[in-house]
Amino acid sequence: MTVPSSIMVECPVCKQETLHEVLSGKIGGKAQTVLESTVKCKECGHIHHCVLKAEKPVNLPVVISWLDKSRKSSLALGPDEVLSVEDEVMCGDEQIIVTSIESKGARVGRAKARDIQTVWGKRFDKVRVPFSVSQVSKTFSEHILAVPDEEFYVGDILKVGRHEVVIHSIKIKDKSLRMGGARARDIVRVYANIVRKTSY
Ligand SMILES: [Zn+2]
């Protein structure tokens, strides 16, 4: 077991179980895993110390989608660990980003592992970056696969499909960039022109 980043515990100020950020923690114990940690209530900000006896991890079924396919895997979490949509977790040896969580028959934004029935995620080790490539009067669509943090800049020259192209603008969530760059994970579409080859 590793120290979780957030846990559900009773807050002495809120007088109920709330989500807490784990500020520091250490794991000990022999017969039973014991997590001693300093936690901060996300509701009221109160910082307190807590000792949790960790129960056996639960195995959550995970449906991982990758491009147009999906398949089943599983994820082991401590029963009190909280999983949230958009968390990045390791599922076996794959990095995934959580896209949806089913708990008690409903889709939720986050839940304790013990209350989760199914997790949906998508593979996160590569993302598809769509390109629109213009060539004189026609435009065609292509894509490349990139790691999520790979950066693309206006003016970059790269190979897309069979063509060498130069990026002239990048569309991200709510704007188009005509200079600068963006990370693959934030890109909606890249617009590029074919690089004209000059023959000597
Ligand atoms: Zn509180």
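**Salt bridges, zinc site and cores**

Glu94 and Arg123 form a salt bridge, with their closest N and O atoms 3.5 Å apart; the term denotes a side-chain nitrogen of Lys or Arg within 4 Å of a carboxyl oxygen of Asp or Glu. Because Glu94 lies in strand S9 (residues 94-103) and Arg123 in strand S12 (residues 116-123), the pair ties together parts that are 29 residues apart in sequence. Strands (E, at least two residues) are DSSP runs, as are helices (H or I, at least four), and both are numbered from the N terminus. Glu94 counts as buried at 12% relative accessibility, whereas Arg123, with a relative accessible area of 21%, is partly exposed. Here buried means under 20% relative accessible area, exposed over 50%, and partly exposed in between, for a 1.4 Å probe and protein chains only.

The model is predicted, so local features need pLDDT of at least 70 and side-chain atom pairs count only at pLDDT 80 or more, while totals for chains, interfaces and linings use all residues. Residues are numbered from 1 along each chain as its sequence is written, and side-chain values use heavy atoms, with hydrogens and water left out.

By the salt-bridge rule the count comes to eleven. One of them joins Asp80 to Lys112, with the closest N and O atoms 3.3 Å apart. Asp80 lies in the loop between strand S6 (69-77) and strand S7 (82-84), and Lys112 in strand S11 (residues 110-112), so this pair ties together parts that are 32 residues apart in sequence. Both Asp80 and Lys112 are buried. Arg183 and Asp186 form another salt bridge, their closest N and O atoms being 3.5 Å apart. Arg183 is partly exposed at 32% relative accessible area, and Asp186 is partly exposed at 35%.

The metal site comes next. The zinc ion is coordinated by the SG atoms of Cys11, Cys14, Cys41 and Cys44, at 2.3 to 2.4 Å. Donors are N, O and S atoms within 2.8 Å of the metal (3.2 Å for Na, K and Ca), and since water is not among the atoms, sites may look incomplete. The four donor atoms subtend angles of 105 to 113°, which makes the arrangement tetrahedral; for four donors, that term requires all angles to lie between 85 and 135 degrees. Cys11 lies in strand S1 (residues 6-11) and Cys41 in strand S3 (residues 33-41), so the pair ties together parts that are 30 residues apart in sequence. The donor spacing in sequence is C-x2-C-x26-C-x2-C. Cys11 and Cys41 are both buried, the latter with a relative accessible area of 2%.

The structure holds zero disulfides, a disulfide being a pair of cysteine sulfur atoms within 2.5 Å. The sulfur of Cys50 is 11 Å from the closest cysteine sulfur, in Cys11, and therefore too far for a bond. Cys50 is buried at 11% relative accessibility.

Among the 20 residues of the largest nonpolar core, Val129, Phe131, Phe152, Leu158, Ile170 and Ile187 touch the most other members. A nonpolar core is a set of buried Ala, Val, Leu, Ile, Met, Phe, Trp, Tyr and Cys residues joined through side-chain atoms within 4.5 Å. A second, separate core of 15 residues includes Leu60, Leu83, Cys91 and Ile101.

Key
Tetrahedral: all angles 85-135°; square planar, octahedral: opposite > 155°, others 65-115°.
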